[in-house]
Amino acid sequence: MLKADLHIHTRYSMDCETSLEQIISKCQERGINCIAIADHGTTEGALKMQEIAPFPVIVAEEILTPKGEIMGMFLKETIPSGITAQEAISRIKSQGGIVCIPHPFDALRHSSLESKLIEEFVKLIDVIEVFNARIPVLWGNGKAHAFARKYGIPGSAGSDAH
């Protein structure tokens, strides 16, 4: 059985000190056998993790746009921060990746993609994070789940571990 965490950060993110080895150890301890490394602004940690992890690793990245974050998954290389949301989506798709909206509707997180853009880009979204363990107010996850159901978008879950 697959037990995945589709949103983890490593020491390659500016706001995280967790080593790749610590993540592998914790995943093995908890029986997690597939992860997505989604560092801020880089795929470097995810690419290194693919080389050393004893389980599948999805190369992902949280790309900061002027309107909030978009996660690219199954990437081959880093997409620069600071580009528009439309450009980020285009670059994700050009790599054969999928577009995931992390921590949508989290009113307390300034980096969440603006709600009106989520609606605007709904046909371009491949996955929406319907459970993020770092969202302190549960209605944020509930709203994401309802949005995913409404539009028939697959949902993902992640610890957003730092």
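Axes here are lines fitted to C-alpha atoms, for helices over the stretch in contact, and angles run from 0 to 180 degrees between N-to-C directions. Helices (H or I, at least four residues) and strands (E, at least two) are DSSP runs, numbered from the N terminus. The model is predicted: local features need pLDDT of at least 70, side-chain atom pairs count only at pLDDT 80 or more, and totals for chains, interfaces and linings use all residues. Residues are numbered from 1 along each chain as its sequence is written, and side-chain values use heavy atoms, with hydrogens and water left out.

**Helices H1 and H2**

- Two packed helices are described by the angle between their axes and the distance between the axes.
- For H1 (residues 20-30) and H2 (residues 44-52), the packing angle is about 55° and the axes are 10 Å apart.
- H1 and H2 are therefore oblique to each other; angles under 35 degrees count as roughly parallel, over 145 as roughly antiparallel, 65 to 115 as roughly perpendicular and the rest as oblique.
- Contact means heavy atoms within 4.5 Å, and Leu20, Glu21, Ile23 and Ile24 of H1 meet Gly45, Lys48, Met49 and Ile52 of H2.
- By class, this contact of H1 with H2 has five nonpolar, one polar and two charged residues. Ala, Val, Leu, Ile, Met, Phe, Trp, Tyr, Cys and Pro count as nonpolar, Asp, Glu, Lys and Arg as charged, and the others, Gly among them, as polar.

**Strands E2 and E3**

- Strand E2 (residues 34-40) pairs with E3 in the parallel sense over six bridges, where pairing requires that DSSP finds at least two bridges between two strands.
- Glu61 in E3 is the bridge partner of Asp39.
- Eight of the nine residues of E3 (residues 57-65) are buried, so this strand is largely enclosed by the rest of the structure. Buried means under 20% relative accessible area, exposed over 50%, and partly exposed in between (1.4 Å probe, protein chains only).

**Loop residues**

- Ile135, in the loop between strand E6 (127-132) and helix H5 (138-151), is buried with a relative accessible area of 6%.
- Leaving aside neighbours within four places in sequence, Ile135 is in contact with His103, Pro104, Asp106, Arg109, Gly140 and Asn141.
- His103 lies in the loop between strand E5 (98-101) and helix H4 (115-120) and is buried, with a relative accessible area of 0%.
- Most residues other than glycine have a negative phi.
- Phi of His103 is a positive value, near 35°, and phi of Phe74 is also positive, near 65°.
- Phe74 sits in the loop between strand E4 (68-73) and helix H3 (85-94) and is partly exposed, with a relative accessible area of 44%.
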